Structure formats: C-alpha cells, structure tokens
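Colleague: I have a structure open here and would like to talk it through with you. Could you start with whatever term I need first?

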Amino acid sequence: MYWTKRHVFVCTASHCNQKGAMDFVARLRLEIIRKKLDAEILINNCGTIDLCDMGPNVIVYPDNVILRGVTLKDIPMLVEYLRGGELPESMVINAHSKDEEQRRSFYAEAITPDAPRGVDNFSALALEHNLDQAWIDEQARRGFIARKPTEDGTGTQVTVTTKTRTRYRLLP
Ligand code: FES
C-alpha cells in the first residue's frame, strides 16, 4: 500500500482462528503500536489463503512472504522482521517448502494418468504421501478437488481441479 512500508495480513478464517489467530492479530497490532511502528506497518485480518492446515498464516507485502504456524511467542521475532530485521526463514512457506513439494508430488501422481480416480484409490494414494482424510476433505472444501458420481452411478470419483494444477504448476 502506498502509505505503508509493509502491509501485513493475518488469516483469521475458521481454521486459523481455531488455532488462536484472532488473539495473535490483536497482540501483534498492539505490539506494533507500542513500538510506534503503526505509521509504517499496517496490520489487517484476512480470510482464508488456502493453507488452512498450516495456519495461523501471515502474509507480508510487498515482501510477498507467507509465514505459517505463527504463535504468540513468535510476535517479538515477527516485529523485528517487520521493522527491517532478518526474515524468520523457518516459518516461511513457499512453492519450494517441503509441505508444498509434498503436495505437488502427490497431485502430480494423482493426475497420472489424467483421469478421475475412485475415492478409495485417491485416498490410498494420498495416504502414501502422508496426507490424511481430513486433509482431503479440506482440499474438497477449498476447491482443489471435485467429487462427482461415476457415470454408472455406482460410486464417487475425484477430479483434480484447474485451481490445483495452476497452484502446483501441473498444467501442460
Ligand atoms: S483458515 Fe487460514 S488459511 Fe484457511
């Protein structure tokens, strides 16, 4: 934003909120005011960023950085970073983070061959990649996969959506 040096968004949607995001954002905002940084650093809540199982998540612009799994004890480190200190690398998630590479590799396998899979087959493959049913259900809610009845109506099949293929760089 043109009048701030950094614009910070803290996801306070349901999953992140269940893990303390509202408390986190309130304390972070207070700390920024206490340190007299509030003229340069704006803190806002935001909705989900589709990394629900990793939250609470924080996005920092213009750095284009996402920090995952933040807790109250991370606030001093985060404030230091926001005032120009070191990026807390261990909390950063990006396309090359271990978790995201794991998901990319799972989805790459799930679309090979590129045809819908039966739900059980899809779940078994996910499990091989250490991704459980709760994660699959969340992926469905977030639109990363679509579940549809099979053509003969006897079962359910799973399709990997364009959203996923775009995010995980799996488009041809
Ligand atoms: S609830 Fe925070 S990323 Fe989805």
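Modeller: Contact here means heavy atoms within 4.5 Å, and please keep in mind that this is a predicted model.

Colleague: Okay, which strands does helix α2 lie across?

Modeller: Helix α2, residues 21-34, lies across β1, β2 and β3, and runs at about 170 degrees to β2.

Colleague: And what is the strand order in that sheet?

Modeller: The order is β2-β1-β3-β4 in an open sheet of four strands with mixed pairing. The edge strands, each pairing on one side only, are β2 (41-46) and β4. On average, neighbouring strands of this sheet are turned by 20 degrees against each other, with direction ignored.

Colleague: Which way do β1 and β2 pair, parallel or antiparallel?

Modeller: Strands β1 and β2 pair in the parallel sense over six bridges, and V10 has N45 in β2 as its bridge partner. On the other hand, β1 (residues 6-11) and β3 (residues 58-61) run antiparallel and are joined by four bridges, with V8 standing opposite V60 in β3.

Colleague: What about β3 and β4, how many residues sit between them?

Modeller: Three residues lie between β3 and β4, which form a hairpin, and N64 in the turn has a positive phi of about 60 degrees. The two strands pair in the antiparallel sense over three bridges, and I59 stands opposite I66 in β4.

Colleague: Changing topic, how many salt bridges does a search of the whole structure find?

Modeller: The search finds 15 salt bridges. One of the pairs is D99 with R68, whose side chains meet at 2.3 Å, N to O. D99 lies in helix α4 (residues 98-110) and R68 in the loop between β4 and α3 (75-82), so this pair ties together parts that are 31 residues apart in sequence.

Colleague: Which other pair links distant parts of the chain?

Modeller: D114 forms a salt bridge with R165, with the closest N and O atoms 2.9 Å apart. D114 is in the loop between α4 and β5 (117-118) and R165 is in helix α7 (residues 162-167), 51 residues apart.

Colleague: Is D114 buried or exposed, and what about R165?

Modeller: D114 is exposed, with a relative accessible area of 55%, whereas R165 is buried because its relative accessible area is 14% and buried means under 20%.

Colleague: Which residues are linked in a network of salt bridges?

Modeller: D50, E138, R141, R142 and K163 are linked in such a network.

Colleague: Last one, which residues make the nonpolar surface patch?

Modeller: M1, Y2 and W3 make a nonpolar surface patch of about 440 Å². M1 is placed in the segment before β1 and is partly exposed, with a relative accessible area of 42%.

Notes. Residues are numbered from 1 along each chain as its sequence is written. This is a predicted model: local features need pLDDT of at least 70, side-chain atom pairs count only at pLDDT 80 or more; totals for chains, interfaces and linings use all residues. Side-chain values use heavy atoms; hydrogens and water are left out. Two strands pair if DSSP finds at least two bridges between them. Axes are lines fitted to C-alpha atoms, for helices over the stretch in contact, and angles run from 0 to 180 degrees between N-to-C directions. Patches are made of residues with over 30% relative accessible area and no salt bridge: like charges are joined within 9 Å, nonpolar side chains (Val, Leu, Ile, Met, Phe, Trp, Tyr) within 5 Å. Accessible areas come from the Shrake-Rupley method with a 1.4 Å probe; for residues, only the protein chains shown count as cover. A salt bridge is a side-chain nitrogen of Lys or Arg within 4 Å of a carboxyl oxygen of Asp or Glu. Buried means under 20% relative accessible area, exposed over 50%, partly exposed in between (1.4 Å probe, protein chains only).
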